[in-house]
Amino acid sequence: MSSSTTSFTYCSTAHSSPLDFSSLSYLSLSTNPFPSPHTPPLPLRIQSPHSSRVLPAPLLLKSRSRTRASPSAMATGTVQEVLPPALDSSSDPPAIFDGTTRLYISYSCPYAQRVWIARNCKVGLQDKIKLVPIDLQNRPTWYKEKVYPPNKVPSLEHNNEVKGESLDLLKYIDSSFEGPSLFPSDPAKRQFAEELLSYIDSFNKGVISSFKVEGMNDADAAFDYFETALSKFNDGPFLLAEFSLVDIAYAPFIERFQPFLLDLKKYDITAGRPKLAAWIKVKLKIFLL
């Protein structure tokens, strides 16, 4: 991404980002897309489209009491990850640069959730990339001083380096770790993927701008663009036909926009957009079992 859009790719606080997600606080607690940074969200199970193994997905539910595999999941051999509590200013740092690969996130940050989802979809990486959640409202000083000077999430500690930028990390995890590819090999689809990834900040800003004004023109344009994008390829229900990191890049934001706009504006993002409605439905089949 260009430097002009870099500032929109990190979470700086638990309840807002540079894209002003604080507007979403109007939601009721039952649907609030930004839960307490101190408590992990319920680790929903994700069915990798490339494997029968079931993995936890970083999407949010109303109840958040369960943090490990259910008996039925254990009986069928599926895996549920136990999510660690967020580290705050009173927490000791991990043993940085000890050879462990670590993904530093905030549970409630949509940018960090992108990379978390990708890590879970690359079957087997739960054991190889350790989650390190950070409390962004009371963040530890060592995170900026020793781990990642920009002091934002997500960041990835790997091979004695720390990298940031959520969209770059999506590609890095996909290309640097084993597991099924989340990026298509078809040149036309790869080119369109780059177009969609370049548009995502404009998409988010267009939707968010509608939060504080009467009209929905900007949101209409953003969701119409998404609907049209879903028509580009007819051999599957996703943005590139098959499930890819482009779907992952958009998913945490649309996951928030849909209930928020319906609650605040009585605006149904799927009205007149059948492909978007189908995308949301099939996405849920992957993310929620």
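The legends below describe close-up views of a predicted model.

**Figure 1. Overview of the predicted protein.** The secondary structure of this model comprises 9 helices and 6 strands. Of the 289 residues in the protein, 52% are buried. When contacts between residues at least 6 apart in sequence are taken, 70% of them join residues at least 24 apart.

**Figure 2. An open sheet of 4 strands.** The strands are arranged in the order E4-E3-E5-E6, and their pairing is mixed. Strand E4 (129-133) and E6 are the edge strands; each has a single partner, so one side of each is left without a neighbour in the sheet. Direction ignored, neighbouring strands of this sheet are turned against each other by 20 degrees on average. Inside the order, strand E3 (residues 101-105) pairs with E5 in the antiparallel sense, over 3 bridges. In this pairing Arg102 is placed opposite Glu157 of E5.

**Figure 3. The hairpin of E5 and E6.** Strand E5 (residues 155-158) and strand E6 (residues 161-164) are paired in the antiparallel sense by 4 bridges. Opposite Leu156 stands Lys163 of E6. The two strands form a hairpin with 2 residues between them, and Asn159 in the turn has a positive phi of about 55 degrees.

**Figure 4. Helix H6 against helix H8.** The axes of H6 (residues 187-209) and H8 (residues 245-265) come within 10 Å and cross at roughly 15 degrees. The crossing angle therefore makes H6 roughly parallel to H8. H6 passes H8 in a left-handed crossing. On the H6 side the contact is made by Ala193, Leu196, Leu197, Tyr199, Ile200, Phe203, Asn204, Val207 and Ile208. On the H8 side the contributors are Leu245, Val246, Ala249, Tyr250, Phe253, Ile254, Phe257 and Leu261. Sorted by class, this contact of H6 with H8 has 16 nonpolar residues, 1 polar residue and no charged residues.

**Figure 5. Helix H5 against helix H8.** The axes of H5 (residues 166-176) and H8 come within 11 Å, crossing at roughly 145 degrees. H5 passes H8 in a right-handed crossing. Leu167, Leu170, Lys171 and Asp174 of H5 meet Leu245, Ile248 and Ala249 of H8. By class, the contact of H5 with H8 has 5 nonpolar residues, no polar residues and 2 charged residues. Leu245 and Ala249 of H8 take part here and are also listed in the contact with H6.

**Figure 6. Arg273 in the loop between H8 and H9.** Arg273 lies in the loop that runs between H8 and helix H9 (274-287). Its relative accessible area is 5%, under the 20% cut-off, so Arg273 counts as buried. Apart from neighbours within four places in sequence, Arg273 is in contact with Asp220, Phe223, Asp224, Glu227, Tyr267 and Asp268.

**Figure 7. Gly236 in the loop between H7 and H8.** Gly236 is found in the loop between helix H7 (217-229) and H8. With a relative accessible area of 24%, Gly236 is partly exposed. Gly236 and Trp279 are separated by 43 residues in sequence, and their C-alpha atoms are 9.9 Å apart in space.

Terms used. Residues are numbered from 1 along each chain as its sequence is written. This is a predicted model: local features need pLDDT of at least 70, side-chain atom pairs count only at pLDDT 80 or more; totals for chains, interfaces and linings use all residues. Side-chain values use heavy atoms; hydrogens and water are left out. Two strands pair if DSSP finds at least two bridges between them. Axes are lines fitted to C-alpha atoms, for helices over the stretch in contact, and angles run from 0 to 180 degrees between N-to-C directions. Angles under 35 degrees count as roughly parallel, over 145 as roughly antiparallel, 65 to 115 as roughly perpendicular and the rest as oblique. A crossing is left-handed if the near helix is turned anticlockwise from the far one by less than a right angle, and right-handed if clockwise. Contact means heavy atoms within 4.5 Å. Ala, Val, Leu, Ile, Met, Phe, Trp, Tyr, Cys and Pro count as nonpolar, Asp, Glu, Lys and Arg as charged, and the others, Gly among them, as polar. Buried means under 20% relative accessible area, exposed over 50%, partly exposed in between (1.4 Å probe, protein chains only).
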